[in-house]
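Look at the sequence and the 3D structure shown here before reading on. The report then goes through the chain part by part.

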Amino acid sequence: MAAEAERLEPEAAAPEDAVGEVADVVDGEPGDPHLLLGNRLNLHLYPRGCHRLSQLCAQRAPRLLEVEFLQLSGHEDPRLLEATLAQVPANLQHLRSLVLRGGQQQDVLGACSRGFLTTLPAGLSGLARLAHLDLSFNSLETLPACVPHMRGLSTLLLSYNRLSELPDSLGALPSLSFLSVSHNCLRALPPALGSLSALQRLDLSENLLDILPPEIGDLSSLTELNLASNRLQGLPISLVGLRSLRFLILHSNLLTSVPSGLAHLPLLARLDLRDNQLRDVPPELLDAPFARLQGNPLGKALPASHSAPETPVTCEMPRLFLNSDLDSFLVTPQGCLVTLACGVRLRFPAGATADPVNIHYRLRLPEPRLVPLGPHDALLSAVLELRPHGVAFQQEVDLWLLFVPPRARRCREVVVRTLSDDSWSDLETHLEEEAPKRLWAHCQVPHFSWFLVVSRPVSNTCLVPPEGTLLCSSGHPGVKVTFPPGATDEPRRVRMQVVHMASRELRALLEEPGAAASPLLCLSQRGTASFLQPVTVQLPLPPGVTGLSLDRTCLHLLYWAPPAAAWDDITAQAALEITHLYARFRVTHFSWSVPPAPASSAPTLQRTRVPPTLIPGPRRYWLWHTTKSCVQGLARKAWERLRLHQVNLIALQRRRDPEQVLLQCLPRRKVDATLQRLLDRYRGPEPSDTVEMFEGEKFFAAFEKGIDVDADRPDCVEGRICFVFYSHLKNLKEVYVTTALDRRAQAVRGQVSFYRGAVSEEVPEEAAAARQRKGADPLWMATLPIKLPRLRGSQGPEQGRGASLSLAPLNLGDAETGFLTQSNLLNVAGRLGTDWPAVALHLGMPYRELQRIRHEFRDDLDGQIRCMLFSWAERQAGQPGAVGLLVRALEQSDRLDIAEEVRAILELGRQKYKDSIQRASLAPRDLAPPKRSSSQAPESAQA
């Protein structure tokens, strides 16, 4: 074991010693014959891949001569990697593909980190048969000198490096057909690039190019040219000579004009000019079906300039409008206005960045680990992630977030919450109303992280100076805190929030007609030091109670501080001063040392359900008037009642497709209106009885009695659909169910049950759960029936989707971004029904093609759908953005249920791909989203 541990120590030798160290390893470790699989040698999947390759070379394994494909990780030690590659020409003489990618590891911000490769040994130019070279995701600043001598290269991938220029010698590669240099720092291109007569695909996106050489028009074989996200202001007229060009991608540049001859390229199928500065384009392009011109100020005049003639005119800030197939954009020092596909808007002022920065965004579904909520907060939006995290801007960036209008606005406010320095804080937020139900939360952010919109009780803050001050509640003027002179020797920030509880709810809880309570006061401060002088707290007497008619034995001052489990009655400790309308008491700190109450002094709480984890709250004071002598346990129940929402659960089946089930958790007042809107397309049982749920509480749905979930989904755990309840968001999911029972004999009568909490290993049977209905807060909430009707005639499982149509195997997308398999497409086809013509038109299929499909399959609706979908998919195979186009077409055709299912399939595929990489030790575990702890709780978010 000692020898093995010593062998696994990282190498740090000088280049001239690297080969010697490798030889030592070879002498002590036998070969791994299973690494050689046919003509492929995939060493990027194994740690210390360079050592293994050096071992095989030292053994002169005969099978090395059969290797044509070699993959190594760019994260190996650079000196060892260079020494190992120097042995490749002599030992792998038939090598055709060499992959030296980085990017298999992640940095602390969760982004793919670059490999350490900075150069290649000169001897690699001797690989006469090498046709494919992949150096992506590395640290190359210049092109290795051996690359232009690899005359047989047909594919050269240099994306995600640090290249600032390309050498003229690159034009000496006569067989090069695909060149990718995206995501680098190129500012200009060599004129010799035009000598690549065999080049068919050229990707130069995400660089700093502001001009193109005229020689680019000499690429006679070029079919695809991608120049997106650069700084191009114009195009050379020589582009109109690219007669073989089919795809020209120029979005997200600064173009003010384009050559009119582009419209006459005979094979051009897509001209993407989105998000530029085009105010006028040639008429031939305006009506061209292949041109995309969204995001340009077409027809708008230049802004009038009132400056002196010699003063240069300032260019208008670029505007970018991102479609759903784009998740990133480039910000230059010029600044820009960006509208994301999800509706979020950003404004980067000029000078916000000194260098171009590529911004990535993602709209995440809310979940407890990403949503830090105070006890009385409500979530109003999804979670927006902007990356790279922590990048500081030289000027603040304006951010507009769409949110759901809160139902309760009295004494509440809407704020944007963000993660900053490992703690959550609330930003100064301004509300802007674009339409009655379209509201924006506008804030300014100095850096990027996670952002969400919440509704919270109005927060009043003051900085207490040594001279003293008065803090009043803006929502409840009778609530005040007076800080006398000398209360503190250094300025101290104090925050106040006030929460109101309706008297009728308290009376119903206590079963006492005369019970009443003052508003709940929440106080917090920076630091834990006590005040030097007593601080006076004033609370209004409970409604209906005055100082003249007060029975002091019925007055209780209740106190709670985290992480206590119960409230404490501190009436005897606090000397209450009663006036006609108010009660005052003095404190030197916002915490109390309360002796434990006797076991019999408080009733035992029957509630066993634990509410969702919250931001630890501030200290709370509550003044009650009741004849009951022991109120600590009742106070906890009343406080929970403030935070509980009354909801109903529904389970409906689509009328045209009973296997499609809609599950939703609705606030009680919305049930009737929602059912009235849905029942023309769905049918099902009456809603469940009313249950109570906390904001952010987890629950799940389990299908029972022979019914199971049909599709593998990210939110499906052991066949159960997971939910998180947020009162202002749509707690809705549509799933497809199946059964192993024979539906040809009879209908299947199953059910779906809803349970509180996360999915457990064993879900109780409905009968056992029903026996707990009278128990205290059971996990079971409701059970609703689900019926799959009997299959008629020849209809049956064996008549599977696609049985009457021969379908060629195909995939849309890729493993990294998520893809749809033939099985997934068949599943989509089985759900479309009579909506398929609308989907086809939104996919861009001509109407005459629809008529042909209708005629060819005139007696077979399923055949029409499958022919349409698969004929479109076959044409889109290998094209970028095909899956995104399908999702948009489904949304535009009002089939949001299928669009959501496709998104879920893509997300699940991406997660499985990521998990497979982790199992192969290609990447570390994903960095978890920020965790909440007591030390991270923002005072601004406490309630």
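## Basis of the report

This is a predicted model, in which local features need pLDDT of at least 70 and side-chain atom pairs count only at pLDDT 80 or more, while totals for chains, interfaces and linings use all residues. Residues are numbered from 1 along each chain as its sequence is written, and side-chain values use heavy atoms, with hydrogens and water left out.

## The whole chain

The protein chain has 943 residues, and 52% of them count as buried. Buried means under 20% relative accessible area, exposed means over 50%, and partly exposed lies in between, using a 1.4 Å probe and protein chains only. The secondary structure comes to 16 helices and 50 strands. Both are DSSP runs numbered from the N terminus: helices are H or I with at least four residues, and strands are E with at least two.

A contact means heavy atoms within 4.5 Å. Among contacts in the protein chain with a separation of 6 or more, 63% are between residues 24 or more positions apart.

## Nonpolar cores

In soluble globular proteins, nonpolar side chains tend to be buried together. A nonpolar core is here a set of buried Ala, Val, Leu, Ile, Met, Phe, Trp, Tyr and Cys residues joined through side-chain atoms within 4.5 Å. The largest one has 77 residues, and L70, L120 and L179 have the most contacts inside it. Helices α3 (49-58) and α4 (78-85) each supply at least two residues of this core. The largest share, 4 residues, comes from α3.

Leaving out residues up to four places away in sequence, L70 touches L41, L43, L53, V88, L92, L95, S97, L98 and V99. A second, separate core has 35 residues, including M845, C867, V883 and A889.

F69 lies in strand β3 (residues 69-71). Beyond its neighbours within four places in sequence, F69 is in contact with N39, R40, L41, L95, R96 and S97. One of these, L95, is 26 residues from F69 in sequence, with 6.1 Å between their C-alpha atoms.

R101 is in the loop between β4 (97-99) and β5 (132-134). R101 has a relative accessible area of 26% and is therefore partly exposed. Not counting residues up to four places away in sequence, R101 touches L72, S73, G74, D134, S136, F137 and N138. R101 and G74 are 27 residues apart along the chain, and their C-alpha atoms are separated by 5.2 Å.

## Two open sheets

Strands of a sheet pair through backbone hydrogen bonds, either parallel or antiparallel. Two strands pair here if DSSP finds at least two bridges between them. Strands β28 (residues 480-483) and β32 (residues 535-540) run antiparallel and are joined by 3 bridges. T482 has T536 in β32 as its bridge partner.

Another open sheet of 5 strands has the order β44-β45-β42-β47-β48, and its pairing is antiparallel. At its edges are β44 (716-717) and β48 (780-788); each has a single partner strand, so one side of each is left without a neighbour in the sheet. Strand β47 (residues 748-756) is joined to β48 by 8 bridges, and the two run antiparallel. G750 stands opposite I786 in β48.

## Strand β15 and its partners

In a regular strand the side chains alternate between the two faces of the sheet. Strand β15 (residues 336-339) has C336 and V338 on its covered face and L337 and T339 on its uncovered one. Strand β13 (residues 319-321) runs parallel to β15, with 3 bridges joining them. L320 has V338 in β15 as its bridge partner.

Strand β16 (residues 345-348) runs antiparallel to β15 and is joined to β15 by 4 bridges. L337 has R347 in β16 as its bridge partner. The strands β15 and β16 form a hairpin with 5 residues between them, and G343 in the turn has a positive phi of about 100°.

## Cavities

A cavity is a set of points, on a 1 Å grid over the protein atoms alone, where a 1.4 Å probe fits but cannot get out; lining residues have an atom within 4 Å of a point. Grid points are joined across faces, edges and corners, and a volume is the space filled by probe spheres set on the points. By this rule there are 6 cavities of 30 Å³ or more.

The largest cavity holds about 120 Å³ of space. Its lining is made up of N230, S252, N253, L254, P318, L320, L330, T332, G335 and C336. By class, this lining has 5 nonpolar, 5 polar and no charged residues. Ala, Val, Leu, Ile, Met, Phe, Trp, Tyr, Cys and Pro count as nonpolar, Asp, Glu, Lys and Arg as charged, and the others, Gly among them, as polar.

Definitions and conventions: On a 1 Å grid over the protein atoms alone, a cavity is a set of points where a 1.4 Å probe fits but cannot get out, and a pocket is an open set with protein on both sides within 12 Å along at least five of seven lines; lining residues have an atom within 4 Å of a point.
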